[in-house]
2 protein chains.
Amino acid sequence: MTDADAILAANAAYYRAFATGDFAAMSRIWAIDGVSCVHPGWPALIGRAPILESYRSILHSANRVRIAQRDETAIVAGEEGRVLCVEIVEGAALAATNWYRRVEGAWRMIHHQASPIAVLVEDPEPPPRSPTLN
Amino acid sequence: MTDADAILAANAAYYRAFATGDFAAMSRIWAIDGVSCVHPGWPALIGRAPILESYRSILHSANRVRIAQRDETAIVAGEEGRVLCVEIVEGAALAATNWYRRVEGAWRMIHHQASPIAVLVEDPEPPPRSPTLN
């Protein structure tokens, strides 16, 4: 597995923890030190305690939103790497940056920031028609 | 000068290039490789060419906005470091992340993302009264 593949797998695990509301998994995904997080519309959170507290309330909320991620691009250099991707949240698109550092062989998240995209440029081509009727 | 001081100086240079509309300085600030940028409301730009093209049109725009930065926090680990800060743009606050990598002894920007803060939590204390009348 290349470093890019490993970071994309870590990124998928992040969204899986979000989708399943798994706070224990989320807390393992985040590194211990040197972490920062900017949720959409929020000021920056700096440090593990406020970041995990934010995820605890987001993941345990009765109104927890669904997030679908797509268009992942990984950029890796040495012991750090990031994934740029688009999050689709309730029909709106956000540009997300998820940054990871290799800690004792595992890629841990050190930064997350998601910001609304004013206009999502959709592919001008219509999707191909399904060859089957269903 | 500590690494944190050096990164804060690089960050000040970024906003100075913005304030003075100095595209040549901006192009030196950005690293050559592994760069990404999310302007407010934009999708992610990946790679030096589209990023510099975006700054060229922003810096040369007749409607170029003024950006004041404040509340800078530097987080440095090895050859990478970031500055979290608040940008004030036309009365609105944005949470900005500016990421740098040490390249041949100089801190070059490898990522910028600024996202609107829905509500800026202001200091509840009123500013001290000026001791002079003017």
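Guide: Contact means that heavy atoms lie within 4.5 Å. This is a predicted model, in which local features need pLDDT of at least 70, side-chain atom pairs count only at pLDDT 80 or more, and totals for chains, interfaces and linings use all residues. Residues are numbered from 1 along each chain as its sequence is written, chains are lettered from A and ligands numbered from 1 in the order in which they are written, and side-chain values use heavy atoms, with hydrogens and water left out.

Visitor: Among contacts in chain A between residues at least 6 apart in sequence, what percentage join residues at least 24 apart?

Guide: The count considers contacts in chain A between residues at least 6 apart in sequence. Of these, the share that joins residues at least 24 apart is 46%.

Visitor: In what order do the elements of chain A run from the N terminus?

Guide: Helices (H or I, at least four residues) and strands (E, at least two) are DSSP runs, numbered from the N terminus. Chain A has 3 helices and 6 strands. Their order is α-α-β-β-α-β-β-β-β.

Visitor: How much area is buried between chain A and chain B?

Guide: Buried area is the accessible area (1.4 Å probe) that two parts lose on being put together, summed over both. Here 28 residues of chain A are in contact with 28 residues of chain B. Carbon and sulfur atoms give 61% of the buried area, which is about 2,100 Å².

Visitor: Which three residues supply more than any other three of the area that chain A buries against chain B?

Guide: Together these three supply 20% of the area that chain A buries against chain B. They are A:Arg82, A:Trp99 and A:Gln113.

Visitor: Which element gives the most residues to the side of chain A that touches chain B?

Guide: The elements that give two or more residues to this side are β1 (36-38), β3 (67-77), β4 (80-89), β5 (92-103) and β6 (106-116) of chain A. With 6 residues, the element that gives the most is β6(A).

Visitor: Is B:Glu90 buried or exposed?

Guide: B:Glu90 is found in the loop between β4 (80-89) and β5 (92-103) of chain B, and has a positive phi of about 50° although it is not a glycine. Buried means under 20% relative accessible area, exposed over 50%, and partly exposed in between (1.4 Å probe, protein chains only). Because its relative accessibility is 68%, B:Glu90 counts as exposed.
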